[in-house]
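Subject: Structure handover

Hello,

Please find the structure below. My notes on it follow.

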Amino acid sequence: MRASLRTTVAAALVLGLAAGGTLASPAFADGRPAADTATATQSSGPDVEALETALEGLPDQQATAALIRVGGNGTWQGVAGVSNLRTGAPARDNVRFRAGSTTKIVTAALILRLVADGTLDLDGTVQEYLPDLLPAGTFEPITVRQLLNYTSGLKPGAALGETDEELYANRFETLTPQEVVAASAAAGPLHKPGEYQRYSNIHYTVLGLIIEKVTGDTFAHQAAQRIFRPLGMRDSYFPGSDPRIRGPHHRGYQEMNGELVDVTEWNMTDRFAAGDMISSARDLERFMVALFRGRVVPEPQLKEMFTRPAVDDIETGEPATMAAGLERFKVNGKVVWGKTGARPGFHTVIAATPDLSRTVVYSVNATAAHQDGGPLAMRFAFPAFNQ
């Protein structure tokens with residue numbers, strides 16, 4: 001890390017210490033204690049010591065703030081850091097944040113609910129539902145299932161820049177989902193549908209357009225009507241072209257040219273059904289528990305979210321790890337299903353064992369949030385599955 005960035009973080013740390021923001025343990029908004037070590041025992045719960053260590057010293061080189069919720073057999077919650085580098089105000093637990101690609105779980109759930117009620121067919125094609133989207137003769141039929149499990153063969157779509165600096169300069173511009181997909185369609189296929197898995201936002205951008213086409217409604221309203229409201233997810237919404245985060249939130253910062261830049265306000269229209277959701281840790285935990293219990297997507301459609309295609313990942317050459325919205329991990333010997341999400345200044349994880357014996361949701365205001373999230377997950381999420 002360059003000297004100017006180290007200086008910025010060091011100054012913020014002084015502010016955070018002065019404000020009491022290094023490791024706060026207030027009660028969560030729903031009344032659950034922020035550090036319920038009575039139920040988080042070493043024999044049945046998460047590795048509390050490792051979680052506490054993960055939060056110590058924030059802000060630091062990796063992040064300015066973090067909040068973690070662990071549930072299941074042994075609960076634990078913690079928050080640390082500062083919500084604003086300028087003021088040094090301590091981080092809080094009841095905040096909203098950009099949830100990034102964890103949005104895809106909501107999109108997959110919406111699609112599978114439409115399949116359950118007969119509005120959609122998993123074997124129905126993009127060409128059937130959106131007949132003018134892909135050039136005739138260029139693309140083989142792409143099914144809804146192939147979009148869900150990232151095997152459609154579509155190339156990434158349009159973007160507002162290639163570097164952090166370019167994207168930041170265009171952060172208030174609007175790039176519509178239609179424009180994103182048009183660029184992908186014009187580029188032709190990457191591979192035949194169903195041949196490989198390749199993670200990309202484009203699959204879920206197209207799914208969002210399919211949802212709008214078959215329902216005659218906006219994707220945002222369908223998410224609110226079918227998922228957020230029934231589950232009581234009061235903090236979750238899709239902002240569209242509004243660059244702000246409504247309600248309480250931490251500021252997000254991204255390292256650019258050796259400096260930490262405030263990237264909180266950002267028009268995420270281009271992320272749409274692939275990554276535009278704003279939510280809270282409480283809401284995402286509630287959603288995950290309801291989803292795994294079959295209260296969001298009914299059987300047999302729910303099994304699609306835990307079924308990986310029998311193909312290889314085109315980039316790694318290893319067997320596919322992703323299903324519909326969820327990805328399979330193995331953490332400390334435990335099978336875990338979940339999803340990461342990242343937007344500049346915000347990194348999110350939502351994960352659980354299939355039987356919900358352990359769950360974790362975190363939001364980390366990381367200084368390089370949309371780069372490799374592995375080190376962040378190892379620090380803030382993996383300890384939840386240590387016991």
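In which loop is Pro59 found? Pro59 sits in the loop between α2 (48–55) and β1 (63–72), where helices (H or I, at least four residues) and strands (E, at least two) are DSSP runs numbered from the N terminus. With a relative accessible area of 1%, Pro59 is buried; buried means under 20% relative accessible area, exposed over 50% and partly exposed in between, with a 1.4 Å probe and protein chains only. From Pro59 to Ala80 the C-alpha to C-alpha distance is 7.9 Å, and the two are 21 residues apart in sequence.

Before the rest, the ground rules. This is a predicted model, in which local features need pLDDT of at least 70 and side-chain atom pairs count only at pLDDT 80 or more, while totals for chains, interfaces and linings use all residues. Residues are numbered from 1 along each chain as its sequence is written, and side-chain values use heavy atoms, with hydrogens and water left out.

Aromatic rings

Rings of Phe, Tyr and Trp (its six-membered ring) pair if their centres lie within 6.5 Å; planes under 30 degrees apart count as stacked, over 60 as edge-to-face and the rest as tilted. By this rule there are nine aromatic pairs. One of them is tilted because the rings of Tyr150 and Tyr199 have planes at 45 degrees, with their centres 5.1 Å apart. This pair links distant parts of the chain, 49 residues apart: Tyr150 is in the loop between α5 (144–148) and α6 (164–169), and Tyr199 in the loop between α7 (177–187) and α8 (202–215). Tyr150 is buried at a relative accessible area of 1%, whereas Tyr199 is partly exposed at 30%.

Phe219 and Phe272 also form a tilted pair, since their planes stand at 55 degrees, and the ring centres are 5.5 Å apart. Here helix α9 (residues 219–231) supplies Phe219 and helix α10 (residues 272–275) supplies Phe272, and the pair links distant parts of the chain, 53 residues apart. Both Phe219 and Phe272 are buried. Ring pairs join Phe219, Phe228, Phe238 and Phe272 into a cluster.

Two arginines lie over tyrosine faces: Arg171 over Tyr168, at 3.8 Å from the ring centre, and Arg246 over Tyr237, at 3.7 Å. For this, NZ of Lys or CZ of Arg must be within 6 Å of the ring centre and within 35 degrees of the ring normal.

Salt bridges

The whole structure has 12 salt bridges, each being a side-chain nitrogen of Lys or Arg within 4 Å of a carboxyl oxygen of Asp or Glu. Among them is the bridge between Glu304 and Arg145, at 3.2 Å from N to O. Glu304 lies in the loop between α11 (281–292) and β7 (327–331) and Arg145 in helix α5, so this bridge ties together parts that are 159 residues apart in sequence. Glu304 is buried at 14% relative accessible area, while Arg145 is partly exposed at 27%.

Another bridge joins Arg282 and Asp235, whose closest N and O atoms are 2.9 Å apart. It links distant parts of the chain, with Arg282 in helix α11 and Asp235 in the loop between α9 and β4, 47 residues apart. Both ends are buried: Arg282 at 15% relative accessibility and Asp235 at 13%. Arg96 is linked with Asp235 and Arg282 in a network of salt bridges.

In the bridge between Arg251 and Glu265, the closest N and O atoms are 2.8 Å apart. Arg251 is in the loop between α9 and β4 and Glu265 in the loop between β5 (259–262) and α10, so parts that are 14 residues apart in sequence are tied together. Arg251 counts as buried at 18% relative accessibility, and Glu265 as partly exposed at 26%.

Cavity

A search of the whole structure finds one cavity of 30 Å³ or more. On a 1 Å grid over the protein atoms alone, a cavity is a set of points where a 1.4 Å probe fits but cannot get out, and lining residues have an atom within 4 Å of a point. The largest cavity holds about 30 Å³ of space. Its lining consists of Asp164, Leu167, Gln254, Met256, Trp266, Pro344 and His370. The elements giving two or more residues to that lining are α6 and β4 (253–256).

Regards

Definitions and conventions:
On a 1 Å grid over the protein atoms alone, a cavity is a set of points where a 1.4 Å probe fits but cannot get out, and a pocket is an open set with protein on both sides within 12 Å along at least five of seven lines; lining residues have an atom within 4 Å of a point. Grid points are joined across faces, edges and corners, and a volume is the space filled by probe spheres set on the points.
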